[in-house]
Amino acid sequence: MKAKISLKRLITLSFLLFGGTIVLGYSLLSAHFFIRGMDNIVTGGMENAALTYLASNKPLAENELVNFRGSQLSRRWEAQPADIRQVFTDPPTRSGELIKRDDSHWFERPDKVYFALKVDLENQSVYISRTLSRENVSSLVGRNMADSMRLLLGVSALIALTLMLITWLLMRSISTPVARLNNWTQSLTPENLSQPPPDFLYPELNQMARLIQNSLSSVQRSLDREHRFLRYTSHELRTPISVIRNNIELQYKVLQQTASSLNPMQRDIADRIDRASITMQHLTETLLWLSREDNEKLPESVVEIDKLLLEITAEMRYLLRDKTVELIVETHPYQCSISAVAARIVLGNLIRNAFQHTWEGEVIISQQGSQISIVNRQFNADIDVAPTELGFGLGLQLTAQLTEKLGWSYQNIANENGHNVILDITPPDTN
């Protein structure tokens, strides 16, 4: 995984790199102009030596070499000393052109510096050469050069340190309020969300804090409305659901007392109303529990998982009516202390989903201990599966939320022709 660099470190490195580049560039430029200035001084001295000699003496002969004021003067390049001609393979060709060589390397002071210059004086060309070494250079010049280099390095170092100090102060003045904004954002809760945000020194950060607070307040208001709607709706649904349940049971008792019975169609309608009312009752109780802000547990009891699984499968078997679906159920005796309502809701949703979305294929329900596997395979992928009755639109989403809050392990793996659901309802206190 690629390592991520923090914004603070990125800005700091960018400032230091940019400033260091400027300091280095201007230092090199200053050193370059310093050396060019020294070259100009040497060039002026060599040219003045030639002018002074020619003004006070006779013109130079064809092959004559004159040593005057530390410079060698001649009309022909071949008359220059052998060491000069050995250092410079090609003579200067233009008037006023200075060529220079030294025997130094990087970060090393040269022992000797060779200069060669061509000038046109009094209608004749004169070649001037000069060799500077530590022995023939004035101590004053050496001290001045050393002082100049020390001054250059000192100024460059001072600028670099000043830049680092300014960068550190700038980043500190920016990072401190940003860190305060980050800490304040993480400390926001529904209780203190309505309090005014603190001052973060900069208008941009204060505006960002207000935007964050307004956004979170809007989200919190939406959540509060949803929670209130769930609580109110669930409470209000209890009464009509109880009326439906009571009237269904009353109808069955009346029929038993009068020794009469419903015809098959009426019986099927009554059974469907009965199943729907049971499902709605369980959903209502579960939604009420999910909407609570506390961690109150659902009532628990000893549940025989294998029998509950067979019972729910039998209740949902009507969803396979008129379908070419092979149902395989394999269970083993197992019981544990869990919420019977939650287990019925979760298992009912998973089995209902498998039955509803399989038209030609097979559904395999297997249970071993606390682990339950529900697999549905659709053999004909061209069939358009539409939701049927009792879908309610909550199914798998409610299952995921409920299992997460209960601490149950839940996996829903989709494949090309169906789903493979693995559920482990091990009670949390036994993990």
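A residue is called buried when its relative accessible area is under 20%, exposed when over 50%, and partly exposed in between, with a 1.4 Å probe and protein chains only. This is a predicted model, in which local features need pLDDT of at least 70 and side-chain atom pairs count only at pLDDT 80 or more, while totals for chains, interfaces and linings use all residues. Residues are numbered from 1 along each chain as its sequence is written, and side-chain values use heavy atoms, with hydrogens and water left out.

**Stop 1: two loops**

Begin by selecting Asp322, which is exposed with a relative accessible area of 78%. Asp322 sits in the loop between helix H6 (305-316) and strand E7 (324-330); helices (H or I, at least four residues) and strands (E, at least two) are DSSP runs, numbered from the N terminus. The phi of Asp322 is near 65 degrees, a positive value in a residue other than glycine. Most residues other than glycine have a negative phi.

Next select Arg69, in the loop between strand E1 (65-68) and strand E2 (71-74), where phi is again positive, near 55 degrees. Arg69 counts as exposed, at 56% relative accessibility.

**Stop 2: a nonpolar patch**

Now select Ile11, Phe15, Leu170, Ile174 and Val178, which form a nonpolar patch on the surface with about 350 Å² of accessible area together. Patches are made of residues with over 30% relative accessible area and no salt bridge, with like charges joined within 9 Å and nonpolar side chains (Val, Leu, Ile, Met, Phe, Trp, Tyr) within 5 Å; the areas come from the Shrake-Rupley method with a 1.4 Å probe, and for residues only the protein chains shown count as cover. Helix H1 (7-56) and helix H3 (139-186) are the elements that give two or more residues to this patch, and H3 gives the most, with 3 residues.

**Stop 3: salt bridges**

A search of the whole structure finds 5 salt bridges, each being a side-chain nitrogen of Lys or Arg within 4 Å of a carboxyl oxygen of Asp or Glu. Select Glu311 and Arg344, whose side chains meet in one of them (2.9 Å, N to O). This pair links distant parts of the chain, with Glu311 in helix H6 and Arg344 in helix H7, 33 residues apart. Glu311 is partly exposed, with a relative accessible area of 37%, whereas Arg344 is buried, at 18%.

Then move to Glu362 and Arg377, which form a salt bridge with the closest N and O atoms 2.6 Å apart. Glu362 lies in strand E9 (residues 360-368) and Arg377 in strand E10, so the pair ties together parts that are 15 residues apart in sequence. Here Glu362 counts as buried, at 15% relative accessibility, and Arg377 is partly exposed, at 32%.

**Stop 4: a neighbour in space**

Ile328 and Glu362 are 34 residues apart in sequence and 7.6 Å apart in space, C-alpha to C-alpha. Ile328 is partly exposed, with a relative accessible area of 34%.
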